Amino acid sequence: MTFAALDARAEHLLRELAPQVLGAVLRRFRDFAASEDAVQEALIAAAAQWPREGIPENPRGWLIHVALRRMTDHVRSEISRRNRETAALEDLPIVVAPAVHAEPHFDPDDTLVLLFMCCHPALSPASAIALTLRAVGGLTTAQIASAFLVPEATLAQRISRAKQSIKTSRVPFRMPDEKERAQRFGSVLHVLYLIFNEGYTTSSGPELQRADLSSESIRLTRAVHALAPEDAEVTGLLALMLLTDARRAARTGPVGELIPLDEQDRKLWDARAIAEGVALVSDALSKGCVGEYQLQAAIAAVHDEAARAEDTDWPQILALYTVLKHMSDNPIVTLNHAIATAMVRGPEQGLELLSALDGDARLSHGHRLDAVRAHLLERSGDHESAVALYRAAAEKTSSVPERNYLVMRAARLSEAT
Amino acid sequence: MKYMLMMNTRCGGYEEYMKWPKKVIEANIAFMIDFSRKLRAAGELVGAEGLASPTQAKLVRAGKDAKPITDGVFPESKEFLAGYWIVDVESAERAYQIAAEASTAPGVGDAPLMIEVREVLSSHKDLK
């Protein structure tokens, strides 16, 4: 089931309302798993009914009403099932579910509380992502499954496992206290970042069948930013997404191969997204408390602000990566730091920094170290070694666009040599 | 009826592929993308995947304690599956026609490619 019959405005409205409706239902019933199912059914009912009958006057009230009715049905049948089972043994009075009255009040923080629930550190990242997209993003199971190219049954299972974890960990539906909030906020931002990355790195697949994960993560991060405008890392993450996504149209070539930053047609970059991202990251950095997302956004901004690749302010990028390297133990940061060093101080110095990563188990199965080393060797003029490493990297990557890029890079270089 | 169209290669096939001229590689990638797109548009494509190099492959079986025993790196002469399409078509003839088209993919040496066509048994639901 998809929202195919809905126009863009109605679909946007449904997605926007999904977490609000879920918050309202949860406040009444407390049962997260069942409430989330009821809201999903209400969304599907709207997708079937609204194109025929038009968008109701009070769409939020409509959805809450339908979801509460589903919930009441669910509770009634649960109670009568239990009553049937116990009535045979003891003669207990039959309990009836409470009736549904006026529309519950709306709390804008519901979206945030739901994100805290769905991105709970007890959940695996894959489960947290799936649950977030459904419960907060208002996507259907089918849409999420097609975005991740897995069968719908697999994804449904992932979601029900996530719900089970929430149930057993007894996460309550309320705002965590101040101390826990800061920590949980980190998990929320990480999940949003992973959703963005998933969309960004798989953007060359059979794109027409995919929900656009990058745009969805930007929409959700915007919502979080609106609820916590003073949080510099949320602002930084939103800026990072906008500044990276701005290059989307220039990132792939005619056969879906990746085009590296220095060869992209910068006229294809989205100037409006860049302007917004630059304003956001400048604002975040001025607030003092510098975090990893802000630094990554600042680096993206330096790239985006160069009119031509050769105008890139590499000393500035190197300075930012140096700060980032002190903050993070991530080997990808070390890789990028080596690239920036090579751009400022020459490829030999970059290659020297790479040797520190040779024994790193986190990189030993991947293709990245080989690919970066190949780039630096190419710059240093050792084309033969570069070609061999490009090919080694191509054999190791599990991404088709990346493999195509590396294979063609090797072919081009070996023909030029 | 469903058929699996299999493209096989020798273990060294990936290395040879990477040494093709850039223009041929480009043409090959463009052909594969276009081929899948056409099959999808015709409603005949069930699925298609390319597989990573056999240098990354392992043979696995269960040991006495049911834990996996892996075995790797294979002789050059062995044939490997490089990628496959599963198509849903009216007849075996149509599957052969599609396989013949896949066989014309641009490349160097050994062309046209040999494509192995196998009918997919209608499976029990529990296997999905």
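This is a predicted model: local features need pLDDT of at least 70, side-chain atom pairs count only at pLDDT 80 or more; totals for chains, interfaces and linings use all residues.
Residues are numbered from 1 along each chain as its sequence is written, with chains lettered from A and ligands numbered from 1 in the order in which they are written.

**Chain B overall**

- Chain B has three helices and six strands, where helices (H or I, at least four residues) and strands (E, at least two) are DSSP runs numbered from the N terminus.
- Read from the N terminus, the elements go β-α-α-β-β-β-β-α-β.
- Of the 128 residues in chain B, 16% are buried; that label takes 20 or more other C-beta atoms within 10 Å of the residue's own, exposed takes 12 or fewer, and partly exposed is in between, with C-beta atoms placed from the backbone.
- Take the contacts in chain B between residues at least 6 apart in sequence: 76% of them join residues at least 24 apart. A contact here means that the C-beta atoms of two residues, placed from the backbone, lie within 7 Å.

**The sheet in chain B**

- Four strands of chain B make an open, antiparallel sheet in the order β2-β5-β1-β6, and two strands pair if DSSP finds at least two bridges between them.
- At the edges sit β2 and β6 (115-120) of chain B, each pairing on one side only.
- Direction ignored, neighbouring strands in this sheet are turned by 25° against each other on average; axes are lines fitted to C-alpha atoms (for helices, over the stretch in contact), and angles run from 0 to 180 degrees between N-to-C directions.
- Nine bridges link β1 (residues 2-10) and β5 (residues 79-88) of chain B in the antiparallel sense, and B:T9 has B:F80 as its bridge partner in β5(B).
- On β2 (residues 45-50) of chain B, five bridges go to β5(B), again antiparallel; B:G47 is partnered there by B:I86.
- Helix α2 (residues 22-41) of chain B lies across β2 and β5 of chain B, at about 160° to β2(B).

- Helix α2(A) and helix α7 (residues 152-169) of chain A have axes that come within 9 Å and cross at roughly 145°.
- In that pair, A:F32, A:A33 and A:E36 of α2(A) meet A:K163, A:I166 and A:K167 of α7(A).
- By class, that makes three nonpolar, no polar and three charged residues. Ala, Val, Leu, Ile, Met, Phe, Trp, Tyr, Cys and Pro count as nonpolar, Asp, Glu, Lys and Arg as charged, and the others, Gly among them, as polar.

- Most residues other than glycine have a negative phi.
- A:R30 has a positive phi of about 70°; it is in the loop between α1 (8-29) and α2 (32-53) of chain A.
- A:R30 counts as exposed because 11 other C-beta atoms lie within 10 Å.
- B:A66 has a positive phi near 70°, and its place is the loop between β3 (58-62) and β4 (68-72) of chain B.
- With 6 C-beta neighbours inside 10 Å, B:A66 is exposed too.
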